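Visitor: I'd like a close look at how the charged side chains pair up in this one. Please walk me through it slowly.

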Amino acid sequence: MKLNMKSVTTALDVLLIQKEDTWDQCNWIVPLSKALEGLTAEQAAWIPPSGGLSIWQLVNHMYYYNQRILDRLQDKTPSMPAADSNVATFGISGDPLNEAGWSKLMEHTTKLAEQLRDTLATLQEAKLEEAYMDSEQNWAQTLARWVLHDAYHAGQIVQLRRQQGCWSIVF
């Protein structure tokens with residue numbers, strides 16, 4: 001992304017920078033696209049011996065919330081039904097033999113990231129001050145927290161890859 005060389009950096013500019021850094025720009029943190037790069041279904045479905053979540057589950061969870069954010073940004077009814085709980089958004093650990101399923105999730109995740117970036121790039125600054133749904137938060141607060149959410153989970157994915165011994169990406 002190239003920002004206009006203007007005298008004021010807006011809140012929307014900051015959100016776009018953060019979104020791009022959490023998806024595919026290698027700056028201060030490992031972006032999600034790099035954290036997922038080259039993973040097999042077996043690696044994505046792996047659960048640490050001490051328990052926890054698989055990478056597949058983390059991607060399911062992020063996909064769920066990212067799709068709902070995109071739908072709401074576009075003033076659409078969320079295409080994914082409301083989950084019974086946050087835990088339900090992680091789904092099952094994934095099938096280590098289902099390369100097609102993992103590849104499909106990666107394709108959808110990539111497409112969704114691009115749609116989110118494009119939507120943010122065309123968002124009107126005034127939208128950021130509007131109330132987010134029926135909450136006391138506005139869109140700026142919600143989007144700022146959403147970007148941090150994805151960065152947090154990208155870090156978890158890197159940690160899981162390190163535990164498996166399949167992290168060799170240097171950026």
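Guide: Let's start with aspartate 150, which counts as buried because its relative accessibility is 2%. (Buried means under 20% relative accessible area, exposed means over 50%, and partly exposed is in between, using a 1.4 Å probe and protein chains only.) Before going on, a word on where this comes from: this is a predicted model, in which local features need pLDDT of at least 70 and side-chain atom pairs count only at pLDDT 80 or more, while totals for chains, interfaces and linings use all residues. Residues are numbered from 1 along each chain as its sequence is written, and side-chain values use heavy atoms, with hydrogens and water left out.

Now, who is the partner of aspartate 150? It's lysine 19: the two side chains meet in a salt bridge, 3.9 Å from N to O. (A salt bridge is a side-chain nitrogen of Lys or Arg within 4 Å of a carboxyl oxygen of Asp or Glu.) The pair links distant parts of the chain, since lysine 19 sits in helix α1 (residues 11–23) and aspartate 150 in helix α6 (residues 139–164), 131 residues apart. (Helices are DSSP runs of H or I with at least four residues, strands are runs of E with at least two, and both are numbered from the N terminus.) Lysine 19 counts as buried too, at 4% relative accessibility.

So what's the general idea? Side chains of opposite charge can pair when their charged atoms come close.

Next up, the side chains of arginine 117 and aspartate 24 form a salt bridge of 3.3 Å, N to O. Arginine 117 lies in helix α5 and aspartate 24 in the loop between α1 and α2 (32–36), so this pair ties together parts 93 residues apart in sequence. Arginine 117 is buried at 18% relative accessibility, and aspartate 24 is partly exposed at 28%.

Then there's glutamate 37 with lysine 34, whose side chains meet in a salt bridge at 3.2 Å, N to O. Here glutamate 37 counts as partly exposed, at 38% relative accessibility, and lysine 34 is also partly exposed, at 24%.

Finally, Asp75, Lys127 and Glu130 are linked in a network of salt bridges. How many salt bridges does that rule give in total? The count comes to five.
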